[in-house]
Amino acid sequence: MTPGRTDEKGLRKMKENGRTAWVTGASSGLGMYTAQALRDAGWTVIAGARSFSGASPEGDGTHRLALDVTDGDSVERFCREAKSISARVDALVQCAAILTLGSAEETSVEEYRRVMETNFFGMIRMNRQVLPMMRAQKAGKIVLFSSINGLLGIPFQNAYTASKHAVEGYAEGLQMEVRPFGIQVCLIEPGDHRGGGQRTRLRAAAMGEDSPYAAAFRSAAEKIRQDEAGGSDPAKLGRKVAKMLDRKTIPFRKRIAKPDQRLAVLLHDVLPPGLNERILTGYYIH
Ligand SMILES: NC(=O)c1ccc[n+]([C@@H]2O[C@H](COP(=O)([O-])OP(=O)(O)OC[C@H]3O[C@@H](n4cnc5c(N)ncnc54)[C@H](OP(=O)(O)O)[C@@H]3O)[C@@H](O)[C@H]2O)c1
């Protein structure tokens, strides 16, 4: 994690608000910026990612613990260690995710499974640990990072899109079940943001130059890359999420996207499917 805006321990101590947030996928991108913003707002932040070593340096006030959300033992270890740092968990923010680009045909079942294991089952593993704690506390906020791709599909990003659609459906039922226990659920639906880590951007192994989809894939992959490179400021999103978590009541959905990406979602919902398909295909495939 890179240093944030308030590095001075004294100032942080003054600001400590007595609340604890666990943040998954906090080693890069939106998870890292959200963890930093929460820390700056005075939260005790317990951050997890595969690349964290398991040590908890106090230097910048964030506790970093090793976490692989695809591995039940790792999730249990993370939760045990997090509870030893702070008995409460006021917010669970789930950002851990990977993305595999490839045609639907040439992405293997194993590659689909890997994305689902991280982006969807990983969230479920964490929630199953945290829900009993939040029910006992009679309070808690669960923030699940979805995506604009949780609402509409685009070509060659099928595994990721499927995983985020799964998150959207899962969260709706979850909120209905847990609200009576004082637990609030929020889906963050980001549009493109800069600065995501390359470790999490994968490509289907079978996507070679001889693929029947090669030309269309190249076009779409380049468009996806350009959109992310020209995306919004991830630090700003982190601060928005931290500000939202300060409120007593949080919204069930929070879309954080540029106007054109908001419009794409709106059109997806109102246009005939054939017209929507032509617009999106025309945008991604030249
Ligand atoms: N960036 C965007 O434009 C955008 C747009 C829409 C939605 N989102 C969503 O926002 C979230 C963050 O995306 P990002 O692109 O900013 O982040 P990113 O840089 O791709 O980071 C993903 C994080 O997930 C962690 N991670 C991956 N596999 C993991 C595993 N098995 N267990 C634990 N941690 C794991 C990675 O750390 P390690 O590799 O160290 O484990 C990293 O910290 C994701 O949920 C993504 O779907 C992002």
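**Ligand shell, helix and sheet**

The ligand is surrounded by 32 residues, and the closest are Gly 25, Gly 29, Arg 50, Ser 51 and Gly 196; a residue counts here if its C-beta atom, placed from the backbone, lies within 6 Å of the ligand. The model is predicted: local features need pLDDT of at least 70 and side-chain atom pairs pLDDT 80 or more, while totals for chains, interfaces and linings use all residues. Residues are numbered from 1 along each chain as its sequence is written.

Student: Which element gives the largest share of the shell around the ligand?

Tutor: Helices (H or I, at least four residues) and strands (E, at least two) are DSSP runs, numbered from the N terminus. α2 (29–40) and α4 each supply at least two residues of the shell. The largest share is three residues, and they come from α2.

Student: How many residues of the shell around the ligand are polar?

Tutor: Ala, Val, Leu, Ile, Met, Phe, Trp, Tyr, Cys and Pro count as nonpolar, Asp, Glu, Lys and Arg as charged, and the others, Gly among them, as polar. The shell has eleven nonpolar and five charged residues, and its number of polar residues is 16.

Student: What distance separates the end C-alpha atoms of α4?

Tutor: The expected span of a helix is 1.5 Å times one less than its number of residues. α4 has 29 residues, so it should span 42 Å. The distance between its end C-alpha atoms agrees with that, at 40 Å.

Student: Where does α4 bend?

Tutor: The bend at a residue is the angle between axes fitted to the seven residues ending there and the seven starting there. In α4 this angle is about 40 degrees, at Glu 117.

Student: Is Glu 105 buried or exposed?

Tutor: Glu 105 sits in the loop between β5 (99–101) and α4 (109–137). A residue is buried if 20 or more other C-beta atoms, placed from the backbone, lie within 10 Å of its own, exposed if 12 or fewer, and partly exposed in between. Glu 105 has 12 C-beta neighbours inside 10 Å, so it counts as exposed.

Student: Why does Lys 138 count as exposed?

Tutor: Lys 138 is in the loop between α4 and β6 (140–145). Its phi is near 60 degrees, a positive value in a residue other than glycine. Lys 138 is exposed because the number of other C-beta atoms within 10 Å is 9.

Student: Is Phe 156 buried or exposed?

Tutor: Phe 156 lies in the loop between β6 and α5 (158–178), and its phi is positive, near 70 degrees. With 28 C-beta neighbours inside 10 Å, Phe 156 counts as buried.

Student: Which strands stand at the edges of the sheet?

Tutor: Two strands pair if DSSP finds at least two bridges between them. Seven strands form an open sheet with parallel pairing, in the order β3-β2-β1-β4-β6-β7-β9. An edge strand has a single partner, so one side of it is left without a neighbour in the sheet; this holds for β3 (62–66) and β9 (253–256).

Student: How many bridges pair strand β1 with strand β2?

Tutor: Thr 20 stands opposite Thr 44 in β2, and the bridge partner of Val 23 is Ala 47. β1 (residues 20–24) and β2 (residues 44–49) pair in the parallel sense, and the number of bridges is five.

Student: How many residues of β2 are buried?

Tutor: Thr 44, Ile 46 and Gly 48 point one way from β2, and all are buried. Val 45, Ala 47 and Ala 49 point the other way and are buried too. Of the six residues of β2, the number buried is six.
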